[in-house]
Amino acid sequence: GSSEPAVVQYEMSVMESPFHSHPLVQVDALVTYRDYNGVWVCDVCRRVSSQTGGRFPYHCVTCSFDLCEECYSVVNVFHPLHHHPLTKSLGSKVYAGRAWGCDHCRRMMPGDWTYRCALCNFDLCDRCFHSFSHPLHEHPLLFADTRIVYQRYGGGKWFCDHCKMSSSRSGAHISHHCPKCRFDLCHNCTTSRRHHLHPHELLLANSHVVYSSQLYNGQWFCDNCKRSSRSTGDYYMWHCQECQFDLCMGCISLPPPPRPRRLESQLQLPKQPDVTASGGDIPHNGMQEGMAQPPDGSDDASQCVVCMDHVRNAGIIHGDTSHVVCCLDCARTLKDSGQPCPICRRKIDLVVQQFTS
């Protein structure tokens with residue numbers, strides 16, 4: 001006999017789905033996708049037919065939209081942000097093109113999908129519905145209404161498992177909740193922050209979560225002071241998920257460096273010079289008349305005009321011109337603090353290191 005599977009004449013019945021605006025029919029993929037050897041992709045979960053194990057997709061004859069059996073069957077789901085089951089639907093279909101918003105994050109038109117309770121007109125966007133990871137806990141977390149999750153505990157009373165702040169003090173009833181082990185984090189403990197020692201955002205983290213492999217076994221060291229957890233015994237740090245940079249609790253409290261001394265007094269910069277109002281060209285030496293000149297009497301013409309200690313090795317770029325009057329550290333400090341170019345007072349767009357041969 002033939003080794004090819006027999007083609008099934010599947011009875012086509014029209015069905016509705018919250019995932020699609022057109023009617024769907026269940027078809028035999030060996031017929032509908034004969035040119036692809038019966039292989040097809042679910043347009044919701046994006047899995048191919050070999051992963052879903054489905055030969056009979058729910059198919060739209062109008063636009064070739066396909067649903068696997070699992071996505072077609074999952075309609076009502078529960079979420080700890082709402083009392084009633086939610087139905088995943090296309091926002092454009094439910095609201096017929098009208099604007100809609102997420103009842104948790106309050107964003108308007110936050111995406112294509114809504115998890116909706118038609119009984120009380122409640123909507124969750126895709127981002128607020130799904131779980132997410134955080135370096136303070138080993139399991140995925142969900143946004144949760146503690147008045148629902150902990151209803152029998154004094155009407156939703158709870159406390160953050162990291163900072164121990166209770167809801168009676170904070171007044172908050174939304175937590176970052178682990179349904180597996182009833183672990184909760186407050187908003188403050190999950191919020192990222194910036195620090196002058198690192199360009200990326202940092203999150204409060206547990207090293208036993210971040211460095212849980214046998215290679216590290218929760219051990220880590222601060223990338224600023226170089227102290228290790230073996231010496232400090234501290235397993236909490238501020239962690240960069242982008243490049244694995246870590247700061248200890250002591251270094252995160254360090255203030256930013258002071259502004260360069262003698263900046264204004266050395267240069268005697270004018271208040272508000274207008275570079276472009278006159279319409280004239282900037283002279284060949286890169287300075288307009290009346291603009292600040294480097295200090296006279298300098299022993300070294302290559303000396304930084306700000307700190308007067310280091311060699312000028314930074315190009316301060318503004319538009320299509322640049323000035324080389326500072327060391328790299330001082331130039332970066334000028335840009336980070338919002339100061340203009342010391343020579344022409346134009347806004348600093350970029351600072352680059354200069355090399356001379």
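Analyst: Arg193 lies over the face of Trp238, 5.3 Å from the ring centre. A charge counts as over a ring if NZ of Lys or CZ of Arg is within 6 Å of the ring centre and within 35 degrees of the ring normal. This is a predicted model: local features need pLDDT of at least 70, side-chain atom pairs count only at pLDDT 80 or more, and totals for chains, interfaces and linings use all residues. Residues are numbered from 1 along each chain as its sequence is written, and side-chain values use heavy atoms, with hydrogens and water left out.

User: What sits over the ring of Trp113?

Analyst: The charged end of Lys88, 4.9 Å from the ring centre.

User: How do I read the two faces of a strand?

Analyst: In a regular strand, side chains alternate between the two faces of the sheet. In E7, Trp113, Tyr115 and Cys117 on one side and Thr114 and Arg116 on the other are all buried (under 20% relative accessible area, 1.4 Å probe, protein chains only). Strands are DSSP runs of at least two residues, and helices (H or I) of at least four, numbered from the N terminus.

User: How do I read an aromatic pair?

Analyst: Use the distance of the centres and the angle of the planes. Rings of Phe, Tyr and Trp (its six-membered ring) pair with centres within 6.5 Å; planes under 30 degrees apart are stacked, over 60 edge-to-face, the rest tilted. The structure holds five such pairs. Among them, Tyr115 and Phe129 are stacked, at 3.6 Å and 5°.

Key:
Buried means under 20% relative accessible area, exposed over 50%, partly exposed in between (1.4 Å probe, protein chains only).
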